[in-house]
Amino acid sequence: MTEIFTGSFTQQEPIPAEGIEAAMAVLHHGRLHRYNTDGNEVAEAALLEEEFAAQMGAKYCLACASGGYAMATALRACGVKPGDRVLSNAFTLAPVPGAIASVGATPVFVEVTADLTLDLDDLADKLDQARVLLLSHMRGHICDMDRLMAMCNAAGVTVIEDCAHTMGAKWNGTWSGRHGAMGCYSTQTYKHVNSGEGGLLVSDDPDLMARAVMLSGSYMLYGRHRAAPPPEAFADVRLETPNISGRMDNLRAAILRPQLHNLDAQARRWNDRYKVLEDGLADTAGLTLIPRPDHESYVASSFQFLLLDWSDAAITDVLSRCAARGVELKWFGADDPQAFTSKYDSWRYANPQPMPRTDRILKGVIDMRLPLTFNLEDCAMIARIIRAEVAAVWQAQAA
Ligand SMILES: *Cc1c(COP(=O)(O)O)cnc(C)c1O
């Protein structure tokens with residue numbers, strides 16, 4: 001019997017009951033704007049920032065409109081100006097080069113390795129080309145952060161981390177987002193917590209964070225934050241920094257707080273699912289699993305493998321066979337980017353130069369979403385289907 005998978009790869013879990021209740025309370029009182037507080041009331045947005053800062057061991061946190069906004073704000077706070085160059089990953093998604101373009105800067109792309117992390121040797125060659133690195137922990141794969149930080153510190157390059165896929169993950173015991181000067185997170189529906197849209201920015205640097213708070217549109221109300229730097233940090237910044245509104249509202253913050261309290265438990269559930277897929281696909285001829293280093297504690301909200309050096313025709317054959325059995329796989333090698341996939345050479349505004357090493361990897365990367373609405377048996381079935389279809393095409397190629 002041919003198994004067909006009938007689950008949805010895009011269906012997230014419902015908002016937890018606690019979040020719905022907190023959201024209803026905000027709707028009932030109507031004070032959705034973060035600075036619209038009654039007497040001594042503390043806004044949900046301010047509580048969210050206080051709690052997330054504590055959770056990440058950060059001094060400061062700012063809640064904002066999106067992950068993309070958090071990255072652009074971090075770039076601005078770090079002094080990136082129009083015409084500057086910013087180092088970033090060639091293998092990432094469109095909001096990352098988009099954040100760089102939004103401040104009038106130009107990305108300098110760094111190659112990806114077969115482990116799907118930033119190629120640190122290529123980075124070493126390019127470190128003298130920019131003073132900021134916007135590092136994307138794409139699909140949750142974390143490079144050797146100890147080596148990366150040592151290199152960037154020595155070169156005087158400021159690191160901003162894009163943790164859209166690593167909220168709750170760690171490298172060598174340190175939370176992702178806490179190695180660089182600023183860490184950016186997304187709370188958009190497909191990430192690790194879901195408020196539809198939203199972003200969080202963390203830092204220990206009072207000057208950078210004072211700038212970020214002013215940029216987000218705090219007028220002179222920054223004193224109402226609970227995870228912002230002290231008033232002295234705002235003394236000059238408050239009159240020098242443009243307002244580029246991108247605040248988070250209390251409704252989203254209310255939905256997020258209980259989800260963040262539950263982040264570790266959700267991470268374990270994701271990783272249980274990942275393990276089932278990884279085990280189910282182990283030792284499949286022609287298929288390369290992505291090694292996970294000992295220093296990396298990941299949150300596996302997605303799954304990748306490589307069909308390295310396969311022909312385009314064979315890969316499209318695998319994808320269509322899996323799709324016919326209900327398994328939706330995304331390919332980063334298609335000439336025209338589809339749905340949420342995107343490729344550096346399609347970001348024409350950035351005038352990308354050819355990157356042969358990255359092209360080879362992108363041609364082979366297969367990507368799958370792993371929503372928590374899948375149970376372990378779903379994951380086992382998905383692995384059986386992929387394994388069978390990869391084997392069928394592999395054998396046909398060999399024949
Ligand atoms: C989703 C995402 C972001 C942030 O996205 P927003 O939709 O702006 O919240 C940043 N980087 C990567 C790699 C992403 O996938």
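This is a predicted model: local features need pLDDT of at least 70, side-chain atom pairs count only at pLDDT 80 or more; totals for chains, interfaces and linings use all residues.
Biologist: In what order do the strands of the open sheet of 7 strands stand?

Modeller: Helices (H or I, at least four residues) and strands (E, at least two) are DSSP runs, numbered from the N terminus. Two strands pair if DSSP finds at least two bridges between them. Here the order is β1-β9-β8-β5-β4-β2-β3, and the pairing is mixed. β1 (60-64) and β3 (106-110) are the edge strands, each pairing on one side only. From one strand to the next, the twist averages 20°. Axes are lines fitted to C-alpha atoms, for helices over the stretch in contact, and angles run from 0 to 180 degrees between N-to-C directions.

Biologist: How many bridges does β9 form with β1, and how many with β8?

Modeller: β9 pairs with β1 in the antiparallel sense over 5 bridges, and Leu62 stands opposite Leu201. Strand β8 (residues 182-186) also pairs with β9 (residues 199-203) in the antiparallel sense, over 5 bridges. Across that pair, Cys184 faces Leu201, and the bridge partner of Met182 is Ser203.

Biologist: Why is β9 described as largely enclosed?

Modeller: Buried means under 20% relative accessible area, exposed over 50%, and partly exposed in between (1.4 Å probe, protein chains only). In β9, 5 of the 5 residues are buried, so the strand is largely enclosed by the rest of the structure. Gly199, Leu201 and Ser203 point one way and Leu200 and Val202 the other way, all of them buried. β2 is also largely enclosed, because 4 of its 5 residues are buried. β2 runs parallel to β3, joined by 5 bridges, with Arg85 opposite Thr106.

Biologist: Which strands do helices α4 and α7 lie across?

Modeller: Contact means heavy atoms within 4.5 Å. Helix α4 (residues 95-102) lies across β2 (85-89), β3, β4 (132-136) and β5 (158-162), at about 145° to β3. Helix α7 (residues 206-216) lies across β1, β8 and β9, at about 20° to β1.

Biologist: How is the open sheet of 4 strands arranged?

Modeller: Its order is β10-β12-β14-β13, with antiparallel pairing. β10 (288-289) and β13 (330-331) stand at the edges with a single partner strand each, so one side of each is left without a neighbour in the sheet. Helix α10 (residues 263-281) lies across β10, β12 and β14, running at about 20° to β12.

Biologist: How many residues surround the ligand, and which are closest?

Modeller: A residue is near a molecule or strand if one of its heavy atoms lies within 4 Å of it. By that rule 16 residues surround the ligand, the closest being Gly68, Asp162, His165, Ser186 and Lys191. An oxygen atom of the ligand lies 2.8 Å from a backbone N or O atom of Gly67. A polar side-chain atom of His165 lies 2.7 Å from a ligand oxygen atom, and for an N or O atom in the side chain of Gln188 the distance to a ligand oxygen atom is 2.9 Å. The protein covers 90% of the 380 Å² of accessible area that the ligand has on its own. Such areas come from the Shrake-Rupley method with a 1.4 Å probe; for residues, only the protein chains shown count as cover.

Biologist: Is Lys126 buried or exposed?

Modeller: Lys126 is buried, because its relative accessible area is 16%. It is found in helix α5 (residues 120-126). Not counting residues up to four places away in sequence, Lys126 touches Leu87, Val108, Phe109, Val110 and Met355.

Biologist: Where is Phe5 found, and what does Phe5 touch?

Modeller: Phe5 is found in the segment before α1 (17-29), and at 5% relative accessibility it counts as buried. Leaving out residues up to four places away in sequence, Phe5 touches Arg325, Gly326, Val327, Phe374, Asp378, Met381, Ile382 and Ile385. Phe5 and Cys379 are 374 residues apart in sequence, and their C-alpha atoms are 9.7 Å apart in space.

Key. Residues are numbered from 1 along each chain as its sequence is written. Side-chain values use heavy atoms; hydrogens and water are left out. A polar contact is a pair of N or O atoms within 3.5 Å; within protein, one must be able to donate a hydrogen and the other to accept it, and residues adjacent in sequence count only if both atoms are side-chain atoms.
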